[in-house]
Each structure stands twice: as C-alpha cells, then as structure tokens.
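Work through the following exercises on side-chain contacts. Each task is followed by a solution in steps.

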Amino acid sequence: WKDCRKKAFGNQLIPATMPLKKATVFLNPAACKGKAGNLFEKNAAPILHLSGLDVTVVKTDYEGQAKKLLELMENTDLIIIAGGDGTIQEVLQESAAFSKIPIGFIPLGKTCTLSHTLFPESTSQVQHITNATLAILKGETVPLDVLQIKGEKEQPVFAVSGLRWGSYRDAGVKASKYWYLGPLKTKAAHFFSTFEEWPQKHEAALMYLGPTERPPEEEKLPRPPFPVRLFRRLRSLLFSPAAPKEVAPEDWEDLKLSTIELSIATRNRKLDLTRTEDFMDICIEADTVSKGDFVVRGSKKMRDPLMCPEGSQCIKASRCILKLPEGTEGSFGIDNEEYEAMPVEVKLLPRKLRFFCDPRMREQMLQAAVQ
C-alpha cells in the first residue's frame, strides 16, 4: 500500500520547463534513540526523491548547527524538519528568517507534540512517517502561532507549543532516573518529589494584555522585482509619512500568583482556523492539590503536558510579563527543552508560520468550526 503511493508520485510527469522545487531537510540522526536516520532513509527519503523535489539533507549532528546552516538557505522553497520537539525548537530559533517559507514536519523523535495537530492517528510509526511525508507533497498548509519568549538580557526563544514552570515539569524530567521501575517510573518520580517539600508553591507576579482582534488574512503576493522594491524604498525616504494615528494606551492587568504549575501555551493543539481573536492560554493551577492527586495528575501531564486541570485559573492573553522573586531557582520547559527560570516577556506572534498538514486534518478543523 505504501509502495503504491510512492509509485503514484513517482509516475507523475514533470514538464521540462518547470524548475524543480528545492527542499532543505534538517534531520536529527540522534532522535528516537539514534534510529531517526534509518527511519528517514527507509520511509521518507524515497517518497521525497520520487516526487521530483530537489532535496538537500542536512544532519544536525551538534547543537546550534541548524542555526548556522539556515543562513545559507535563501534559495530554498520549503523546509522539512525531521526529528522531534527538540529539532523543531532548534530550527525555530531562526523563524523570523523563514516565516514566509512553508515548513514540513516528519515526526521521528520521542516527543512530537505537533503530530496531533498536523496528522491523523496512525497504527504504526512507519505509517505515521509516510503520512507526514505525503502531506508535504499534497501542499495543504495551516497557520500556526508562535510564542516569543524573551528574558531581560537574553536573545528571544521561540516556541510553537508553550512554556511550563512548576512541580509537574520538575518531577517529569526526573522520571528517567527510575528507568528500572519500568511503567511505574513516572508515578515514582512524582511520588518521591512530594518528599522534598510540601505543599510545593511557585510564587510570581503576572502582567498581561487581553486577546487581540484577528485581522483578515493577507493575500499572498509574489515578491516584487528589485527595481520596484528600490523605488518603494526611495519613495518612503523622500516623502514623509502621514501623521500616525493616536494609539489607545495598553490596558495591562496585574496578578499575584501562587501555583503548583504555570503554563503559557499557544492554541496550536486546538487549532481553530475561523476564530476572530488571537490569544495564548495562561493556566495557573491551584497550589492546594493533595499528594495523591499530584501523583495521578503527573502521569496525565506526561501524556499531555499543557493540559489545564479543572479548578485552575485560565486567562486568555496576547502578551504577558512574568516576574519571578529575586533568587528564584529552577527551570522552564519550553517546547520540552530546558531553560533557566528567569523573568520573561511572552508575546504571541499570530499565524507566524505555515506548516504542511494532512488534508483530512484541515477538513476536520473547518468542520469543527462550523459545528
């Protein structure tokens, strides 16, 4: 069945005058316990090559390599990220440079959060990889929001899922220490963390702005020729612009919080293509949870890290500032990658990137919006 679909793409004729589309694949061979390279070569690479794409595969053998290589990608027509959340997170740090280039995702890592949004459930990993690769060739895309997370002195970090700060995250990263307990390792990590301190509270101050109205989507026009761009640039320099319209002052809300866990998440998990407002979800979980509930909920959060449990305070915001008390230790989880906890400003960049999506998933999103 899979070979038939490969053959169907391979048999399509490409006109001699049609230039080949260039695709740059960022492959993380270390993903999936070192199996990602083999999975890609066996299941995704043949489909991409048979499709007529001019494919360049770049292996991200060390941290930071993707960033350097993106500087050489001005002529690529599409980017393909083959790995897991960590690979996406690394490539995303250059999102401003390629926000107009469509992105494909081939899930090869241990955690692949975007898979649930972009592709239907599959009965096997091979089928999942094949579906993701074919989705790139079919050309359907969906716009995804991005969070820009910036410390006082740090370069901004970009995320497509969200930020977590709290006890569930801290316990979850220790689960691998209890590997010898097999399926009980997650419960063990959360259970033993309750011995360290209880109740576990994270205190901070939060300022935020409410949702913003979503403007109509701009029509995608081709980039104008260089002489036209030069003329427009000179015109803007020679002629003074009209007086700017008066902007209403921003209406910030202030909040003191004490929580067992705080999360700031995009709406990409529950994508609504027809919504009229842009916002991110801030979830402030109650700090009064019992030890038993903490262990049970911790296991659920390993499967759905950004779930917002009943009884939590939920806020819709387009921008927020999180201020931590001086001397606060610990870490944030940003798209499942660890960063030092510090005061940050989080800004929503609505519909910043376009990801290739299985047409069936896009149709489901549109039908759900109508209902």
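**Exercise 1.** Which cysteine sulfur is closest to the sulfur of Cys32, and how far away is it?

Solution. The model is predicted, so local features need pLDDT of at least 70 and side-chain atom pairs count only at pLDDT 80 or more, while totals for chains, interfaces and linings use all residues. Residues are numbered from 1 along each chain as its sequence is written, and side-chain values use heavy atoms, with hydrogens and water left out. The closest cysteine sulfur to that of Cys32 belongs to Cys112, at 8.3 Å, which is too far for a bond. The criterion for a disulfide is a pair of cysteine sulfur atoms within 2.5 Å.

**Exercise 2.** Find the disulfide and describe what the link joins.

Solution. Step one: the structure holds one disulfide. Step two: the partners are Cys283 and Cys308, with sulfur atoms 2.1 Å apart. The angle about the S-S bond is 90°, and the link of Cys283 and Cys308 is right-handed. Step three: Cys283 is in strand E13 (residues 280-284), whereas Cys308 is in the loop between helix H11 (291-303) and strand E14 (313-317), so the pair ties together parts 25 residues apart in sequence. Helices (H or I, at least four residues) and strands (E, at least two) are DSSP runs, numbered from the N terminus.

Step four: assign accessibility, where buried means under 20% relative accessible area, exposed over 50%, and partly exposed in between (1.4 Å probe, protein chains only). Cys283 is buried because its relative accessibility is 3%; Cys308, at 34%, is partly exposed. Another cysteine, Cys357, is buried at 0%.

**Exercise 3.** How are the rings of Phe191 and Phe195 arranged?

Solution. A pair of aromatic rings is described by the distance of the centres and the angle of the planes. Rings of Phe, Tyr and Trp (its six-membered ring) pair if their centres lie within 6.5 Å; planes under 30 degrees apart are stacked, over 60 edge-to-face, and the rest tilted. The structure holds nine aromatic pairs. For Phe191 and Phe195, the centres are 5.0 Å apart and the planes at 70°, so the pair is edge-to-face. Phe192 and Phe195 are also an edge-to-face pair, at 6.0 Å centre to centre and 80° between the planes.

Phe195 is exposed at 52%, while Phe191 is partly exposed at 40% and Phe192 is partly exposed at 35%.
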